[in-house]
Amino acid sequence: MTALTLSTAAVPGLRADAIVIGVAKGSASKPGAPVVAPGAEAVDEAYDGRLAGVLETLGASGGEGEVTKLPAPAGFKAPLVVAVGLGAQPEKDAGYDTDALRRAAGVAARALAGTKKAAFALPVADAADAGAVAEGVLLGAYTFDAYKDRGKDAKNGKAPLGEAALLGGKPRDKAFKAAVERATAVAEELNRARDLINTPPNDLNPEAFAAIAQAAAKEHGIKVQVLDEKALTKGGYGGILGVGAGSASGPRLVKLSYTSSKAKKHLALVGKGITYDSGGISLKPAGHNETMKCDMSGAAAVFAAVVAAARLGLDVNVTGWLALAENMPSGSATRPGDVLRMYSGKTVEVLNTDAEGRLVLADALWAASQEKPDAIVDVATLTGAMMLALGSRTFGIMANDDAFRTAVHEAAEEVGEPAWPMPLPEHLRKGMDSATADIANMGERMGGGLVAGLFLREFVGEGITWAHLDIAGPAFNEGGPFGYTPKGGTGTAVRTLVRLAERAAAGDLA
Ligand code: BES
Ligand code: MN
Ligand code: ZN
């Protein structure tokens, strides 16, 4: 991954391949003209104060996502200046929006692929801004090339930016140092979640995922327990076993426990980990299964968040539950019409084997509930319906507690992850009434994301605060990269979960 340093070096003498500066859209007084953002003063001076004009001549507007490259002025050690668009210039006295900085840093880092070292001279006003730029750089520079031989074919893409020096911060200031350290830990684990999501399903089955979780847990002093098929059968985990029954690769339930001696709260995180979702006997049609390696994004996010919490040494106990299975059709697969006896003891009539996520989550939610945590948050690529409702960049938040749903939404907003509260309308519950079992795994088609949420709610222990994040939309980016988000696995929800753990550590869980 890209190496990060905080630097106080003067820009002209900096030994780097490029200097990144910010450019914003002009305000009312000079509409249309780009404005050079703070941090770029030395560059502007070397251009005799004409940098804004030079950028305008080159067609720059300061719009978000825009990248303008220009040769560095005479006397600079670095040969190249990269001006990245920040969007609208903030009101007088207001600083640049933290997530706008994070996104711009991501855009610039991606544009600098193939470059060894760049210096970032963006408008950093405080430690939070420095952390955001650091996060943006590390997340934006991400590439997944484990299956490509870059040396043989230039088409296979360039190496990510090697090194980034962040200017404008205060390397000796505790808050700045802490912000950059936090950003590094979170971004590294988030990028690891992306790697897991992008890894093809023939290489990442439940067993392989569990082994990776075990190794990481060992490295970071996290207690880990893996239930294999034998243990799941003994324990009566009918949901996880039922979903995994058709696959040649058996299911697993992984429990990761990070504990702090100073913890006052216990947060449980539950992730949907379907390493491939073919739909099972209710097979998905072609066109709907090519990206279904991403169906373990919830488990990847939970895994990353627990490891990040451990690396940050947060004063909170965090338990992660990864419900891992591969959903495949075969002679041993669960059929539509089968009834599963779940870990909670409830019976579920499986009407559609493609509604498998709620089955594995039900068992993991019940297992998590047995420890009576202060709150449970589950994360899942659960329904196409949530994607239809909120689009491909926003995840839905459902909960059995209004204040907690708001707390989760606030956490998402604080870290720049688009999310929106969704209801759990009681009237949709009866659509899941089953003639044969306690509940069916499918209900009304309309409001399918909310129906899934209502199903999950039944498997949360009595009196436990719970929220459900349906990340089906933003988990996997099928379009082009934007901001600090690459194509493919995005790592959505990781930063919201880490923020929630931080809130819990501060006793502020709602
Ligand atoms: N993994 C899918 C949901 C999904 C769809 C995630 C698209 C990411 C992108 C989930 O298991 C599923 O198949 N859900 C069904 C439920 C239905 C059968 C009740 C769906 O949404 O169609
Ligand atoms: Mn499915
Ligand atoms: Zn699925």
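Predicted model: local features only at pLDDT ≥ 70, side-chain atom pairs only at ≥ 80, totals over all residues.
Residues are numbered from 1 along each chain, chains are lettered from A and ligands numbered from 1 as written, and side-chain values use heavy atoms, without hydrogens and water.

**Polar atoms by ligand 1**
- A polar side-chain atom of Lys284 lies 2.8 Å from an oxygen atom of the ligand.
- The side chain of Asp354 has an N or O atom 2.8 Å from an oxygen atom of ligand 1.
- For Gly384 it is a polar backbone atom, 2.7 Å from an oxygen atom of ligand 1.

**Val460**
- Val460 sits in the loop between H13 and strand E18 (465–470); helices (H or I, at least four residues) and strands (E, at least two) are DSSP runs numbered from the N terminus.
- Is Val460 buried or exposed? Val460 counts as buried because its relative accessibility is 10%, where buried means under 20% relative accessible area, exposed over 50% and partly exposed in between, with a 1.4 Å probe and protein chains only.
- Leaving out residues up to four places away in sequence, Val460 touches Leu365, Trp366, Ser369, Asn400 and Trp466 (heavy atoms within 4.5 Å).
- Val460 and Tyr276 are 184 residues apart along the chain, and their C-alpha atoms are separated by 25 Å.

How values were computed: Polar contact = N/O pair within 3.5 Å; in protein donor to acceptor, adjacent residues only side chain to side chain.
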